[in-house]
Amino acid sequence: MGLGIRLLLLLLLVGAAAAAAGSKEEKGSSGGGLRFRRGSGTFKVVQVADMHYANGGRTGCRDVLPSQVAGCSDLNTTAFLYRLFRAEDPDLVVFTGDNIFGEDATDSAKSMDAAIAPAIDMNLRWAAVLGNHDQEGTLSREGVMRHLVGMKNTLSRFNPEGVEIDHYGNYNLEVGGVEGTMLANKSALNLYFLDSGDYSTVPSIRGYDWIKPSQQFWFQQTSSNLQTKYKEEQPKQKEPAPGLVYFHIPLPEFSSLKAPHFKGVKQDPISSPSINSGFFATMVTAGDVKAAFVGHDHLNDFCGKLDGIQLCYAGGFGYHAYGKAGWSRRARVVSVQLEKTDSGEWGGVKSIRTWKRLDDPHFTTIDSQVLWSRGSNVGGY
Ligand SMILES: *[C@@H]1O[C@H](CO)[C@@H](O)[C@H](O)[C@H]1NC(C)=O
Ligand SMILES: *[C@@H]1O[C@H](CO)[C@@H](O)[C@H](O)[C@H]1NC(C)=O
């Protein structure tokens, strides 16, 4: 490499680092926690579903066009992550399971490190839940979750402390209001993460596992406590802070949504558990949940509203995951906007928007929609 080119690369790197540092400044933080941004009053989450990462450059792509097979590997999934993070500059990245495809991973820990690396490299904060394939390699489900919570920049947690709970990786994150405002010390947005398990262990029930009563009880208690704090402590708020829920396997209720009553496409059957464990009813009853986000069915990417809750798929992200040749790999973005109070400062959440980013030549944005808006009943059909 010539001196001129090396100098150019160095300048580019310095420039990129300065740009990254500049955007970090704008991102709110609260003692390592999450916060809305002061300038824009927004908080943005990027959901990455089903990377199915295995051994990097040695693992080929599935379901791409014949012309795309040569030179396609897990590294294309990595490149998509970088591209996505640069374009969206998210406040949080959520990996919703099947992050690695255990069966094809020679070393699960190494695969996970490689899969998540772009988020860490770009100094983004991230959270992950398990899918049904993460544990199929050299680590158990418990082992995979323990590895995830030990990684850099993660906000993932193993499970709540002092509570007996099924599965691994049930936790919640609070997103504080803008620093210096009335809601600075309150959680203006609540994020819930649950482990939807892998396969049923009850001999008479076939198929996928489900969100257990212990998890639902924890969720219900957590939601209730957060709502009490938000509404009872000064400055008291009238309505609960909105909640968003992330897990891997869709609930049976996703099947209730039929075209044209959703935005996006349904090209896969809904692979939910064969029994209904009641988590949808639990979420509706809790009263704060505005949307639930899953992965698992790579060819579904729709959002539709049922009983006041938007049920959303992200669509498949990874190139080693099954997909559909010619149908771009994609990610779901959620942008939450605060409202301006009468005194002109940022208040509570006003609206929640979503769209998808396609890994196509133009990096197209599609299906932008409002999932929820304070005081109105938008998003229904
Ligand atoms: C995978 O990455 C290679 C190298 O950058 C690129 O040439 C190729 O077009 C990518 N394939 C797909 C399907 O995006
Ligand atoms: C938030 O907490 C900080 C630190 O304890 C305090 O200085 C500030 O006054 C609090 N803000 C509000 C609006 O309660």
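Which residues does UniProt list for "domain: Calcineurin-like phosphoesterase"? The unreviewed UniProt entry gives residues 43-298; such positions follow the numbering used here, feature names are shortened, and annotations may be inferred rather than shown by experiment. The end C-alpha atoms of this span lie 26 Å apart, and its content is 26% helix and 15% strand. Helices (H or I, at least four residues) and strands (E, at least two) are DSSP runs, numbered from the N terminus. The model is predicted, so local features need pLDDT of at least 70 and side-chain atom pairs count only at pLDDT 80 or more, while totals for chains, interfaces and linings use all residues. Residues are numbered from 1 along each chain as its sequence is written, and chains are lettered from A and ligands numbered from 1 in the order in which they are written.

Six strands form an open sheet with mixed pairing, in the order β5-β4-β3-β12-β13-β14; two strands pair if DSSP finds at least two bridges between them. Strands β5 (126-129) and β14 (365-373) stand at the edges with a single partner strand each, so one side of each has no neighbour in the sheet. On average, neighbouring strands are turned by 20° against each other, direction ignored; the axes behind this angle are lines fitted to C-alpha atoms, for helices over the stretch in contact, and angles run from 0 to 180 degrees between N-to-C directions.

Six bridges link β3 to strand β12 (residues 330-340) in the antiparallel sense. Within β12, Phe-43 has Val-336 as its bridge partner, and Lys-44 has Ser-335. With strand β4 (residues 92-96), β3 runs parallel over four bridges, and Val-45 stands opposite Leu-92. Together with helix α2 (residues 74-88), β3 and β4 make a right-handed β-α-β unit: with the strands pointing away from the viewer, the path from the first strand over the helix to the second runs clockwise.
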